[in-house]
Amino acid sequence: MSISELQSYDHAAAYETVRHVIPEVEWAMYADDIEAIQRLKVEHDAVILAHNYMTPEVFHGVADIKGDSLALAREAEKVDAGTIVLAGVHFMAETAKLLNPSKRVLLPDLRSGCSLAESITPEDIAQLRKDHPGAPVVTYVNTSAAVKAASDICCTSGNAVKIITSLGVDKVIMIPDQYLAKNIAALTGVEVVTHPGACEVHERFTPLDIVQIRQGHPGVTVLAHPECPPEVVAEADFAGSTADMQRYVEDEQPASVALITECSMSDNIAAQHPDLEFVRPCNLCPHMKRNTLGAIRKALETGGPEIEVDPSVAAPARRAIDRMLEVH
């Protein structure tokens, strides 16, 4: 946002984007932080990257670049600003730093972790390689830089099928999400060695949740994230990454839709599609929700917390990410 754009920023007009998901009295409470953040972005040459799981006041109120982990990884390399604020979780901020080593990358709250990233270590990968010699290691981006560095190539939920098939092998080690790995194995026919990691949000969904949603909302279209257990995905009408879900809603325009994923995703899409009914089975990610407007404002005011990656880890981790981004 330029100085001229900042001077013309109209908080009331901006509310029109979110009026269907945020009460006006609540939006008024965000005004001070939003206007301060817009000013601070200009003062500190900063841009905010926001994951699809951010709450609407962050996603629609202050974010400059929005998307799933793959989109954020791709867009991070195109950023001209000197400072990147990553409204997401720690591994996303590390990825942004890996792709932009000369830029300052801030994470509003260092407690913004991820159950998947915490479920695996480089030592675990070494053991998997020993147990399955010759099998390439495909690592989900929801991992630490150290784990990426011990891997052959990264993937996201949006490109996992493409990554696996691009390798041209019969067997891969896919870590750390056991459910994503099993869902991808079913789509590719490749033997996939898994690791017992899981997303603390998606693993809580059950087939009964979907059955009950359909009973309460006849005709509803159910979209599930592939981090959900396979039996949940089997009950859905469509499975895909958050970007895939958004495209499905935009292209198919289902009259009634349920997104089986973190519930802020529904709020953010509903703001753009007020004529559609969104059924909200609400599982929250406690880590994503640490990225409040107040935390983002403080990060810009103080210049921290800043994310750094050890150079000895950064080089091999960057190679694994670059290999992913090279697959079209």
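# Pocket lining, burial and salt bridges

Q: Which helix gives the largest share of the lining of the largest pocket?
A: Helix 10 gives the largest share, five residues. Helices here are DSSP runs of H or I with at least four residues, strands are runs of E with at least two, and both are numbered from the N terminus. The model is a predicted one, in which local features need pLDDT of at least 70 and side-chain atom pairs pLDDT 80 or more, while totals for chains, interfaces and linings use all residues. Residues are numbered from 1 along each chain as its sequence is written, and side-chain values use heavy atoms, without hydrogens or water.

Q: What makes a residue part of the lining of a pocket?
A: A lining residue has an atom within 4 Å of a pocket point; a pocket is an open set of points on a 1 Å grid over the protein atoms alone, where a 1.4 Å probe fits, with protein on both sides within 12 Å along at least five of seven lines. For the largest pocket, 15 residues line it, and Asn-183, Ile-184, Leu-187, Pro-226 and Ala-239 lie nearest its centre. At least two lining residues each come from helix 9 (160–166), helix 10 (178–188) and helix 12 (230–235).

Q: Why is Ser-266 called buried?
A: Buried means under 20% relative accessible area, exposed over 50% and partly exposed in between, with a 1.4 Å probe and protein chains only. Ser-266 has 1% relative accessibility and therefore counts as buried. Ser-266 sits in helix 14 (residues 264–272). Apart from neighbours within four places in sequence, Ser-266 is in contact (heavy atoms within 4.5 Å) with Leu-259, Phe-278 and Arg-280.

Q: What makes Gln-246 buried?
A: The relative accessible area of Gln-246 is 17%, so this residue is buried. Gln-246 belongs to helix 13 (residues 242–252). Its contacts, leaving aside neighbours within four places in sequence, are Asn-52, Met-265, Ile-269 and Gln-272.

Q: Why is the pair of Arg-318 and Glu-77 called a salt bridge?
A: A salt bridge requires a side-chain nitrogen of Lys or Arg within 4 Å of a carboxyl oxygen of Asp or Glu. In Arg-318 and Glu-77 the closest N and O atoms are 3.0 Å apart, and the two form a salt bridge. Arg-318 is in helix 16 (residues 311–326), whereas Glu-77 is in the loop between helix 5 (69–76) and strand 3 (83–87), so the pair ties together parts 241 residues apart in sequence. Arg-318 has a relative accessible area of 23% and is therefore partly exposed; Glu-77, at 38% relative accessibility, also counts as partly exposed.

Q: What makes Asp-237 and Arg-214 a salt bridge?
A: The closest N and O atoms of Asp-237 and Arg-214 are 3.3 Å apart, and the two residues form a salt bridge. Asp-237 lies in the loop between helix 12 and strand 10 (238–239) and Arg-214 in helix 11 (residues 207–216), so parts 23 residues apart in sequence are tied together.

Q: Where do Glu-301 and Arg-297 lie?
A: Both lie in helix 15 (residues 293–302), four residues apart, about one turn of the helix. Salt bridges that share partners join Asp-32, Asp-33, Arg-297 and Glu-301 into one network. Glu-301 and Arg-297 form a salt bridge themselves, with their closest N and O atoms 3.1 Å apart. At a relative accessible area of 44%, Glu-301 is partly exposed, whereas Arg-297, at 19%, is buried.
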